[in-house]
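Subject: Structure handover

Hi,

Here is the structure I promised to pass on. Please load it first, then read my notes below.

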Amino acid sequence: MAARTTPSGSRPSGARSPGNRSSGTRSSGTLAPLVVTGLSVGYPDRAVLTGVDLLAQPGRRIGLVGENGAGKSTLLRAVAGRLPARARTSGTVSAPDDLVLLGQEPPFADTASVADVLLMALAPLRAAVADVERLAGHVGTEDGDAAYGRALELALAHDAWDADRRAALAAARLGLDGLDADRVVGTLSGGQRTRLALATIMTTRPTCLLLDEPTNHLDDDAIEVLTGFLQDLPGAVVLASHDRVLLDDVCTDLVDLDAGALGTDGSGGRRFGGGWSAYEAARADARRRWEETYAEQQDGIARLRAATRIGTGAVAHGRGPTDGDKFVHAFKGARVEQTLARRKRDAQRRLEAAEREQVPKPPARLTFRGRLTAGASASVGPLVRARDLEVAGRLRLDRLDVAAGEHLLVTGPNGAGKSTLLGVLSGRLTATAGAVEVSARTVRELTQDPDVVDPARSAAATYDDAVRGLPDAPALRELGLLHPRDHRTPVGGLSVGQRRRLGLAAAIAAGPDLLLLDEPTNHVSLALAGELEEALATSPGGVVLASHDRWLRRRWDGPELALQPW
């Protein structure tokens with residue numbers, strides 16, 4: 001749900017605010033910026049964010065990027081005052097009173113109807129119009145002018161008089177007008193719930209909007225509507241997204257929470273003006289500068305350390321005294337010792353300064369090193385053969401053949417049955433009609449929401465459980481999917497993207513002949529998304545991939561199956 005923060009001093013139950021969080025102020029005719037200063041967030045077992053500064057001015061649309069676990073979702077929740085009680089925070093946040101966060105899972109009550117949700121979004125706007133009309137009668141009194149001015153400014157900022165028309169238009173453009181108004185949220189698909197949340201945002205037009213993976217579960221039409229809305233919104237927008245096309249089309253700036261010691265600008269800054277395509281090259285250049293700077297500094301430090309160990313042979317004249325020159329030689333020897341001591345002290349001072357100022361060693365980059373599938377099956381027939389396939393109310397497909405080693409992209413709007421098809425091919429779902437034959441010896445499926453059996457169990461132990469009994473299963477560290485520092489983290493403490501990485505690791509460890517991937521680039525870092533696309537291009541086994549990812553689909557050159565809604 002589009003969750004609205006409460007004014008400063010009143011937080012949702014269980015939330016812990018950053019220190020000195022304050023409401024933004026708005027002078028007449030202007031919109032307030034979002035200002036984050038020195039924000040740090042940690043939990044008893046780990047630090048997530050340290051000293052983050054962020055300025056989001058009205059009209060700027062800032063995309064948050066970085067590896068999984070870098071703290072993108074945590075930053076958004078901290079700004080909105082939506083962190084769990086066990087989180088420890090410091091720093092300040094100044095934000096407009098009507099800041100709105102749309103998280104990855106819109107938390108509407110399952111029992112609420114579609115009509116209830118839309119009416120809830122309209123209620124404050126209708127109240128704002130009523131306040132203006134009520135206070136108009138007090139204009140000219142001592143307090144009336146100020147109260148009327150504040151009410152009018154609020155109503156104008158949200159275009160409150162046009163709210164009902166906007167709500168109807170948003171519902172129509174997002175395909176919600178075909179839903180029964182009395183239908184309860186619990187019966188909606190993930191895509192329908194996300195579109196319902198977007199309709200509430202398009203109705204209220206907040207002056208500060210936070211979005212966490214807003215294109216998850218959305219088809220092309222809904223993403224186009226979202227893109228246009230964000231481009232036209234006059235307030236500040238901060239979003240975390242894996243959608244590289246959205247980052248290009250919408251963002252005026254990117255903030256990299258995983259930018260490294262030198263940052264994006266060589267001076268520790270995290271901000272980059274532009275979208276993802278431009279930043280991809282700049283980020284590689286920033287990493288190269290960091291590695292070169294570290295290597296140069298280490299060479300200098302090694303020379304200074306050697307200088308602190310210099311012997312007299314490097315300074316003395318190198319020959320013994322003659323019988324008549326012993327006094328002169330002793331005098332010169334004393335001078336040599338003094339010179340040596342001075343040089344050592346100077347080298348030590350310079351060494352201490354160099355060690356204080358050195359940049360940290362660039363950590364090894366988390367790079368996917370696994371194989372998605374085993375070799376292509378030697379079977380003469382197809383890996384998958386389906387005829388007149390039907391899952392009541394969810395999927396209808398006349399014919400499907402997937403040859404050994406073939407890669408098939410499944411596309412279609414929300415409700416077309418992409419996830420359902422993968423579930424049938426994996427055996428997770430049962431068809432209600434038709435015939436399905438899967439001849440692959442080993443089949444693995446990566447679902448959109450991998451099951452978490454025991455949230456308290458570590459990532460490494462969970463992976464070991466999943467691959468137990470598999471011959472030649474690679475160790476988790478060999479796949480380059482989850483950073484070694486996160487192997488001991490309880491699965492419940494991992495980010496959504498990290499859990500997806502863990503699920504992918506378990507799927508490919510089996511060396512499947514047929515790999516079923518449902519939105520594999522959802523929630524994962526942009527770097528991993530690119531690596532998965534490269535791995536797909538060289539994977540020898542069969543792959544059926546369902547995706548809304550426009551970046552991936554624009555570059556796909558294999559066969560494609562376009563499903564249509566039931």
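How many nonpolar, polar and charged residues are in the lining of the largest cavity? The lining has two nonpolar, six polar and four charged residues. Before the details, note that this is a predicted model.

Cavities

The whole structure holds six cavities of 30 Å³ or more. The largest has about 60 Å³ of space. Its lining residues are T215, N216, H217, L218, I223, H242, D243, E519, N522, H548, D549 and R550.

E519 sits in the loop between β17 (514–518) and α14 (526–538). Its relative accessibility is 3%, so E519 counts as buried.

Other positive phi values

D159 is not a glycine either, and its phi is positive at about 45 degrees. This residue belongs to the loop between α3 (144–157) and α4 (163–173). Is D159 buried, partly exposed or exposed? D159 counts as partly exposed, because its relative accessibility is 35%.

G427 follows helix α10 and has a positive phi near 90 degrees. Helix α10 covers residues 418–426, and seven of its nine residues are buried. Those seven are K418, T420, L421, L422, G423, V424 and L425.

Overall layout

The protein chain has 15 helices and 19 strands. Of its 566 residues, 48% are buried. Take the contacts with a separation of 6 or more: 74% of them join residues 24 or more positions apart.

Strand β9

Why is β9 described as largely enclosed by the rest of the structure? Five of its five residues are buried, so the strand is largely enclosed. A236, V238 and A240 point one way from β9, while V237 and L239 point the other way. Residues on both sides are buried.

β9 has parallel pairings with two strands that I list here. Strand β5 (residues 61–65) pairs with β9 over four bridges, in the parallel sense. There, G63 has L239 as its bridge partner. Strand β8 (residues 208–212) also pairs with β9 in the parallel sense, over five bridges. In that pairing, L210 has V238 as its bridge partner.

The β3–β4 hairpin

Strands β3 (residues 34–43) and β4 (residues 46–56) run antiparallel, joined by seven bridges. They form a hairpin with two residues between them. L34 stands opposite A56 of β4.

Confidence

The mean pLDDT of the protein chain is 85, and 90% of the residues score at least 70. Where is confidence highest, and where is it lowest? It is highest in strand β9 (residues 236–240), at a mean of 97. It is lowest in strand β1 (residues 2–4), at a mean of 36.

Two stretches need care. Over residues 1–17 the pLDDT stays under 50, and the model gives this stretch 48 contacts beyond four places in sequence. Residues 24–29 also have a pLDDT below 50, with 15 contacts in the model beyond near neighbours in sequence. Where pLDDT is low, the predicted coordinates should not be read in detail.

Best wishes

Conventions. Residues are numbered from 1 along each chain as its sequence is written. This is a predicted model: local features need pLDDT of at least 70, side-chain atom pairs count only at pLDDT 80 or more; totals for chains, interfaces and linings use all residues. Side-chain values use heavy atoms; hydrogens and water are left out. pLDDT is the predictor's confidence in each residue, from 0 to 100. Contact means heavy atoms within 4.5 Å. Buried means under 20% relative accessible area, exposed over 50%, partly exposed in between (1.4 Å probe, protein chains only). Two strands pair if DSSP finds at least two bridges between them. On a 1 Å grid over the protein atoms alone, a cavity is a set of points where a 1.4 Å probe fits but cannot get out, and a pocket is an open set with protein on both sides within 12 Å along at least five of seven lines; lining residues have an atom within 4 Å of a point. Grid points are joined across faces, edges and corners, and a volume is the space filled by probe spheres set on the points. Ala, Val, Leu, Ile, Met, Phe, Trp, Tyr, Cys and Pro count as nonpolar, Asp, Glu, Lys and Arg as charged, and the others, Gly among them, as polar.
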